Amino acid sequence: MNHEDVKVAFYLKTNVFGKPRAETNSFALCRGEKRCRNVNESDSAGRCPVMGRLTVGGSECVFSAKMLAPRSMWVSGRAKGKSAEAVEINRRLDELRASALAIYREQSAIRDRVTAEEVKCLLLGMAAGQETLLDYFRSYIEHFEQRVGVNRTVKSARTYRCACGHVARFLSERLRLSNIPFSALDRSFVDKFDLYLRTERRLAPNTVVLYMSRLHTVINKAIAAGIITADPFSGYEPPRPERRRRYLTREELQRLMSTPLSVPRLYLVRDLFLFSCYTGISYGDMCRLTAANLETADDGTVWIKAAREKTNVEFEIPLLDLPLHIIDKYRDTAPDGKMLPMYGNSELNKGLKHLATVCGIDRKLTFHMARHTYATEITLSHGVPMETVSRMLGHSRVDTTQIYAQVTDNKIDTDTQSLDERIAERFTVAI
């Protein structure tokens, strides 16, 4: 291939058209169409990112020149004028072009075919032997998955894969890169990725926090391995929405237990939910319970003893009459020796939505609310010590249990105010 077959051209990234998204309540959506969103790439000073287009024979790729240039002085792929800014921009562009041509000459001298992508990787510092983010991330996931079932879970591995996928899409869609070296990571990269997840992917705030945490974990591993020295997450603190622990009140529990049901399958949905309400055992741990997890103490109290799937922390729970009745009701009906015949989690939550409507509970019910109900309404509100509740819930730290204590404190304040009002009413009547 001749030297003339290699070309490097530069242009301004003035606008980008994101992936089509349907706009709710729009005429286009009614017709089954989707509108594209036009996003202006220029900053407040009218400067736009400079992009490079590298052509090597029949292969082509684009890359970021890692600089901004004013739209007002950009003409035919260069900055016009003799100002200091224009001279500096053109100098850097000439260096990139010269570097790309030099890399091509070096590679073509030892190889028959050199692609534009290979030249770009070398130009951007992704040379052989230098660790890149996606390669390291994928390697980390492979090692992580080897420990699934030992001290890691399938769910956690899935979140790492999702986070890695979002990083790959971010590099491709926003930076026009197939990969990026660790040396190119900085705080700006972190902030842009955070914004991308919130605006382009439109993920929920808690999901953004999760994926950013997964990326930070991988980068910390790279720091520990000496691949990178500075932490690009330094000073980064994502906004965390206040977590509200939702639970059922005593009145709602009573309504749930006493309302007649016309749909047979809702009886099992209700029993499973109530079992969790009166034991605090999560859905995943309920699926794993067998008769081997039941133990009877010398005083006749029946206990469930197991370890949490999520944290592997052991928990011990004394069974009240209601969960004992549910165990007896479904004894020997579950497959594979399981204690209870469990529906899938999504099917359970769908049934709970129907159950809430039937019972006149005017809010969304999810299965995990049962665990919160046990922590607040069944235990802490009735004076069970926090350390004991923490042990029964299988929390690895008491700090986690204290979140429920704050909810309970609010409930006590409300109940106390209500009691004061009733006492005041009686006092007024007596006078």
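Biologist: Which residue stands opposite Gly52 in strand 4?

Modeller: Phe10 stands opposite Gly52. This is a predicted model, in which local features need pLDDT of at least 70 and side-chain atom pairs count only at pLDDT 80 or more, while totals for chains, interfaces and linings use all residues. Residues are numbered from 1 along each chain as its sequence is written, and side-chain values use heavy atoms, with hydrogens and water left out.

Biologist: What pLDDT does the chain average?

Modeller: The average is 82, and 82% of the residues score at least 70; pLDDT is the predictor's confidence in each residue, from 0 to 100. Over residues 16-40 the pLDDT is below 50, although the stretch has 38 contacts in the model beyond near neighbours in sequence. Residues 426-431 also have a pLDDT below 50, and that stretch has zero such contacts. A contact here means heavy atoms within 4.5 Å.

Biologist: Which residue takes a positive phi in the hairpin of strand 4 and strand 5?

Modeller: Gly57 does, with a phi near 60°; the hairpin has two residues between the strands. The bridge partner of Val56 is Ser59, in strand 5.

Biologist: Why are helix 5 and helix 7 called roughly perpendicular?

Modeller: Two packed helices are described by the angle between their axes and the distance between the axes. Axes are lines fitted to C-alpha atoms, for helices over the stretch in contact, and angles run from 0 to 180 degrees between N-to-C directions. Angles under 35 degrees count as roughly parallel, over 145 as roughly antiparallel, 65 to 115 as roughly perpendicular and the rest as oblique. Helix 5 (residues 154-173) and helix 7 (residues 205-224) pack at about 90°, with axes 9 Å apart; they are therefore roughly perpendicular. Their contact includes Tyr160 and His166 of helix 5 and Tyr211 and Arg214 of helix 7. The contact residues divide into eight nonpolar, four polar and one charged. In that division Ala, Val, Leu, Ile, Met, Phe, Trp, Tyr, Cys and Pro count as nonpolar, Asp, Glu, Lys and Arg as charged, and the others, Gly among them, as polar.

Biologist: What makes helix 9 oblique to helix 13?

Modeller: The axes of helix 9 (residues 265-277) and helix 13 (residues 368-379) come within 7 Å and cross at roughly 45°. That angle makes helix 9 oblique to helix 13. Phe273, Ser276 and Cys277 in helix 9 meet Ala370, Arg371, Thr373, Tyr374 and Ile378 in helix 13. These residues comprise five nonpolar, two polar and one charged.

Biologist: Why are helix 13 and helix 14 called roughly antiparallel?

Modeller: The axes of helix 13 and helix 14 (residues 386-393) come within 11 Å and cross at roughly 155°; the two helices are therefore roughly antiparallel. Arg371, Tyr374, Ala375 and Thr379 in helix 13 meet Val389, Met392 and Leu393 in helix 14.

Biologist: How many bridges join strand 9 to strand 10?

Modeller: Five bridges join strand 9 (residues 302-307) to strand 10, and the two run antiparallel. Ile304 has Ile317 in strand 10 as its bridge partner. Both strands belong to an open sheet of three strands in the order 8-9-10.

Terms used:
Helix = DSSP H or I, 4+ residues; strand = E, 2+ residues; numbered from the N terminus. Pairing = 2+ DSSP bridges.
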